[in-house]
Amino acid sequence: MQKRKLSLIFLAVTCIISSVGNAHAAINLFAAQPGASEFEQWWRSITLAGRIDGGIMANPARPDNGINFGDFIGDHANQVQLNQFALTLARAIDTTSNDYSFGFTLEASYGSDSRYYHLLGISDRAFNARYQIIPSHAQVDAHLPWLTKLGIDMHAGILQAPMGPEAFDPNARPFYTFSYTGQYSVPFQHIGMMTTIHVTPMIDVLTGIDTGNQTTFGNSDNNNKPAGYAGIALNNLADGKLTITELSRFGPEDSRLVLGREANSAMRFWNDILAVYKVTPTITVTGEFNYLHDDGLRADTESFVSYLSWNFAKNFTFNYRGEIYRDNTGQMVVNFLTNEGYMNGIAGRSTPTESAPPTTYGAMTLGVTYRTSLAKDLGYFAIRPEIRFDRSLNGTTPFNDERNSGMFTFGGDAMIGF
């Protein structure tokens with residue numbers, strides 16, 4: 001009970017002072033002051049940002065259990081929901097400086113998305129309704145003029161996982177819904193540290209260590225071992241049009257409640273290659289290849305996701321996403337049927353789920369984003385309708401209460417923020 005009270009106090013404090021670090025608009029809390037000291041200039045550069053995001057994914061098949069299989073964010077078929085109400089208090093670092101630069105990001109988010117982004121032992125047992133609250137960022141950031149001429153960027157604390165192109169912040173992804181890869185084959189959130197070593201203007205080395213995907217310490221870690229990242233980013237290729245990032249993650253991720261002592265040594269390997277190419281000033285194409293293998297579950301997945309973004313008119317962007325995703329054992333693509341189900345699964349606790357046999361999934365999503373600034377550029381409004389078709393490519397019937405080999409959904413979300 002005392003632990004629960006401490007978690008609630010932590011969440012309340014974080015909510016009051018925090019929010020979402022990647023918001024696309026922000027306000028300065030303090031006016032600039034000519035002649036101010038260096039420290040005063042630092043705290044006068046603190047910004048506050050916020051957003052509200054809500055949406056719906058309609059399913060004409062009306063599954064009896066009300067679940068759009070293979071979808072986390074829009075999992076409740078034909079139901080409008082508040083996905084995120086988020087606030088962000090931040091001070092950005094200067095990653096190009098030749099000197100030290102320090103900052104922070106504090107973020108809290110309330111809504112249905114939070115069900116999937118908890119950390120064991122901090123927020124996972126505080127609420128059991130569909131709308132929940134999480135500290136989605138609570139980190140210190142630093143640019144350090146060490147090792148190389150361009151220096152190192154470091155982030156430590158509660159961090160969003162860096163793998164893949166689809167982020168928790170809806171501003172930072174092209175669609176309301178996620179790809180299978182973005183839900184089942186990349187981690188979500190950590191307590192740990194990530195570093196970017198700027199070797200040259202073209203080469204960054206990426207490293208990190210953490211307690212595990214969505215776990216913390218002691219009894220709130222589902223096993224007794226840490227995990228970490230290693231990778232490389234190649235920037236400014238093809239005359240500045242191409243960026244390629246390879247990021248690998250390795251470490252035990254399964255629960256002792258499921259595997260016993262084997263959980264401490266059963267490795268999971270996540271590997272992701274992301275290439276982004278700017279064809280023209282208005283057209284960008286992206287490709288992602290992902291491979292995951294889990295020794296403890298004896299499971300693996302392979303996938304490829306392609307994206308196209310075309311800013312075809314002022315305020316309007318057309319987006320395409322196509323994916324082929326192979327779940328070789330049927331253990332990875334799972335929907336959780338209760339509001340606490342996903343985090344119970346991370347912890348290894350029993351929870352009701354909906355799953356499918358080994359399946360190769362094909363999915364195509366089309367959408368248009370309309371985005372405009374509000375008065376005096378102090379905020380934004382965006383709406384993103386999308387249509388999506390998912391299909392089993394090997395004859396299984398995972399959709400609509402295991403009745404269909406395909407599923408058609410349509411809907412989207414709307415955002416307003418500052």
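**View A.** Glutamine 183, leaving aside its neighbours within four places in sequence, is in contact with Gly70, Asp71, Phe72, Ile73, Phe178 and Phe188, where contact means heavy atoms within 4.5 Å. The model is predicted, so that local features need pLDDT of at least 70 and side-chain atom pairs count only at pLDDT 80 or more, whereas totals for chains, interfaces and linings use all residues. Residues are numbered from 1 along each chain as its sequence is written, and side-chain values use heavy atoms, with hydrogens and water left out. Glutamine 183 is placed in helix 3; helices (H or I, at least four residues) and strands (E, at least two) are DSSP runs numbered from the N terminus. With a relative accessible area of 4%, glutamine 183 is buried. The classes are buried under 20% relative accessible area, exposed over 50% and partly exposed in between, with a 1.4 Å probe and protein chains only.

**View B.** The chain as a whole contains six helices and 19 strands. Its C-alpha trace spans about 70 × 55 × 40 Å along the principal axes. A compact globule of 418 residues would have a radius of gyration near 22 Å, and the 21 Å of the chain therefore agrees with that expectation. This radius is taken over C-alpha atoms, and the globule rule is 2.2 Å times the number of residues to the power 0.38. Buried residues make up 51% of the 418. Of the contacts between residues at least 6 apart in sequence, 64% join residues at least 24 apart. The 30 positive and 39 negative side chains form two sets whose centres lie 4 Å apart. Lys and Arg count as positive and Asp and Glu as negative, while His and the chain ends are not counted; the place of a charge is NZ of Lys, CZ of Arg, CG of Asp or CD of Glu.

**View C.** The largest nonpolar core holds 40 residues, and Phe72, Tyr117, Tyr180, Tyr325, Val333, Tyr342 and Tyr361 touch the most other members. Two or more residues of this core come from each of helix 3 (180–184), strand 9 (227–236), strand 15 (334–336), helix 6 (341–347) and strand 17 (359–373). Helix 6 gives the most, with four residues. A nonpolar core is a set of buried Ala, Val, Leu, Ile, Met, Phe, Trp, Tyr and Cys residues joined through side-chain atoms within 4.5 Å. In soluble globular proteins, nonpolar side chains tend to be buried together. Tyrosine 342 touches Phe72, Arg115, Tyr116, Phe188, Asn213, Gln214 and Phe336, apart from its neighbours within four places in sequence.

**View D.** Isoleucine 324 is shown in strand 14 (residues 316–327). Its relative accessible area of 48% makes isoleucine 324 partly exposed. Phenylalanine 304 is 20 residues away in sequence from isoleucine 324, yet their C-alpha atoms are 5.5 Å apart. Residues up to four places away not being counted, isoleucine 324 touches Glu302, Ser303, Phe304, Thr360 and Tyr361.

**View E.** Arginine 298 and its loop between strand 12 (283–294) and strand 13 (299–313) are in view. Most residues other than glycine have a negative phi, and most peptide bonds are trans. Arginine 298, although not a glycine, has a positive phi of about 50°. At 61% relative accessibility, this arginine 298 counts as exposed.

**View F.** Asparagine 400 and serine 405 both belong to the loop between strand 18 (380–392) and strand 19 (406–417). Phi of asparagine 400 is positive, near 55°, and asparagine 400 is buried at a relative accessible area of 3%. Serine 405 is partly exposed, at 22%. Between the C-alpha atoms of serine 405 and arginine 391, which are 14 residues apart along the chain, the separation is 5.7 Å. Beyond its neighbours within four places in sequence, serine 405 contacts Asp390, Arg391, Ser392, Thr396, Thr397, Pro398 and Phe399.

**View G.** Glycine 212 is located in the loop between strand 8 (203–210) and strand 9. It counts as buried at 2% relative accessibility. Alanine 227 lies 15 residues from glycine 212 in sequence and 5.4 Å from it in space, C-alpha to C-alpha. Neighbours within four places in sequence left aside, glycine 212 is in contact with Gln189, His190, Ala227, Arg249 and Glu253.
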